[in-house]
Amino acid sequence: MHPDPLLYIVFLIFTGAAVIATIALLARQALIVSYIILGVLLGPSVLNWTGDAALIKGAGDIGIMFLLFLLGLNMHPQKLIRLLGSTTLITGASALLFAAVGVATGAVLGLPFSESLILGGGLMFSSTIVGLKLLPTTVLHHRHTGELIISILLLQDVLAILMMLWLQAGAGSNQDMAMGIARLLGALAALSVFAYLVERYVLSLLIVRFDVIQEYIFLLAIGWCLGLAELAVWAGLSREMGAFVAGVALARSRISMFIAESLKPLRDFFLIIFFFTLGAGLNLRLLADVVLPATVLAVIVLAAKPIVFRYLLRYAGEEPARANEIGVRLGQNSEFAFLIAVLAGETGAAGHTTVYLLELSTILTMMVSMYLIVWRYPTPIAVRDELRRS
């Protein structure tokens, strides 16, 4: 055994990730898929070089907290309200349709109705990471296409948070589900009020006074995120929920975008660990049992999502070309599907079949969707030079 197992595992993760990420970029693939594959290769199912993957699970969970914190930082209330009118119907209708697809798939496979609901919930969302990472900066900040994609993804993120709240309400408890959700919603409301008051009367004053000291702002943001995450646990919520509320509270700040940019490297560091541990936790034997249904489900998602989004956007009055492009860019499952699958498995709300079916179908949709996007539309890693935009 290595004398420092934690350091050894971190070495394996980041050295291996550097190699496999290079291969993934040459193949025009999403990097998060490569991290999952690396986890499978080095984990117990294949080489078993990592030993117990739970050793660094906590570090991966920090990455998820920072991901939700940064999502919250992008949810400026005024901007979100301005875009609600054009995307609420699109987001809501598409979510219901894909939830129905998941429930129907679960019924065909003979899954319990509760697990079919979880499967349907995992299909409701498109990948924020793929959607935003493959948008050129000019599109992201200056074009209507970017605004529509961002608003749809943000609303989907809200729905994902609510679903995670629903899963948490039923975790390991015999109490009535409605009472559990009501209690957690009350805790969430109290946490949100507390976050608003602290941001309004403490954080905003500190930021105004010390905004020229970037190191301090960086530390303040991390402390605020982790502090509210721990407070959320004390209130009966999840750390991820607390981090999300912390981000939304800071979204009104004039330097929220600076905070978001400065925290991205730290977020990416921990997210690499999260997706690696996710892959290391996959059992290839159990995964083999769901290859066929996961492939069929992935094909359905890849075919249906672009069509559904295109139709809804055309109904909302968008141009055909823009509707087609947005449909393709949102035509995959979300990383939130991984979070939902992990949470459902940990709380006992879903068995291994449902968890692996959702995870594998998500990986497949991300891989194929990446190819479609980089071949057809402007991206930082486009196949053709004329489509490559930074």
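1. A word on terms to start: two residues are in contact when heavy atoms of theirs come within 4.5 Å. With that in hand, look at contacts between residues at least 6 apart in sequence: 77% of them in the protein chain join residues at least 24 apart.

2. Some ground rules before going on. This is a predicted model, where local features need pLDDT of at least 70 and side-chain atom pairs count only at pLDDT 80 or more, while totals for chains, interfaces and linings use all residues. Residues are numbered from 1 along each chain as its sequence is written, and side-chain values use heavy atoms, with hydrogens and water left out.

3. Now the overall picture. The protein chain has 17 helices and zero strands; these are DSSP runs numbered from the N terminus, with helices being H or I of at least four residues and strands E of at least two. Of its 390 residues, 52% are buried, and here buried means under 20% relative accessible area, exposed over 50%, and partly exposed in between (1.4 Å probe, protein chains only). The chain exposes about 17400 Å², with carbon and sulfur atoms supplying 68% of that; the areas come from the Shrake-Rupley method with a 1.4 Å probe, and for residues only the protein chains shown count as cover.

4. Next, look inside. There is one cavity of 30 Å³ or more, a cavity being a set of points on a 1 Å grid over the protein atoms alone where a 1.4 Å probe fits but cannot get out. The volume of the largest cavity is about 50 Å³, counted as the space filled by probe spheres set on the points, which are joined across faces, edges and corners.

5. Which residues line the largest cavity? They are Leu203, Ile207, Ile217, Leu220, Ala221, Trp224, Leu250 and Ile259, where lining means having an atom within 4 Å of a point. Helices α9 (177-210) and α10 (214-234) each supply at least two of the lining residues, and α10 gives the most, with four. The lining has eight nonpolar residues, no polar and no charged; Ala, Val, Leu, Ile, Met, Phe, Trp, Tyr, Cys and Pro count as nonpolar, Asp, Glu, Lys and Arg as charged, and the others, Gly among them, as polar.

6. On to salt bridges, each a side-chain nitrogen of Lys or Arg within 4 Å of a carboxyl oxygen of Asp or Glu. The count comes to five. In one of them, the side chains of Glu199 and Arg252 meet at 2.8 Å, N to O. Glu199 sits in helix α9 and Arg252 in the loop between α11 (239-250) and α12 (256-280), so the pair ties together parts that are 53 residues apart in sequence. Glu199 is buried at 5% relative accessible area, whereas Arg252 is partly exposed at 39%.

7. Another pair is Glu230 and Arg239, with the closest N and O atoms 2.7 Å apart. Both ends count as partly exposed: Glu230 at 42% relative accessibility and Arg239 at 37%.

8. Glu318, Glu319 and Arg322 are linked in a network of salt bridges. Leaving aside neighbours within four places in sequence, Arg322 is in contact with His144, Thr145 and Leu148.

9. Last, a backbone detail. Asn48 has phi near 55 degrees, a positive value in a residue other than glycine. Asn48 lies in the loop between α2 (31-42) and α3 (57-73) and is partly exposed, with a relative accessible area of 43%.

Notes
1 Å grid on protein atoms, 1.4 Å probe; cavity = no way out; pocket = protein on both sides within 12 Å on 5 of 7 lines; lining within 4 Å.
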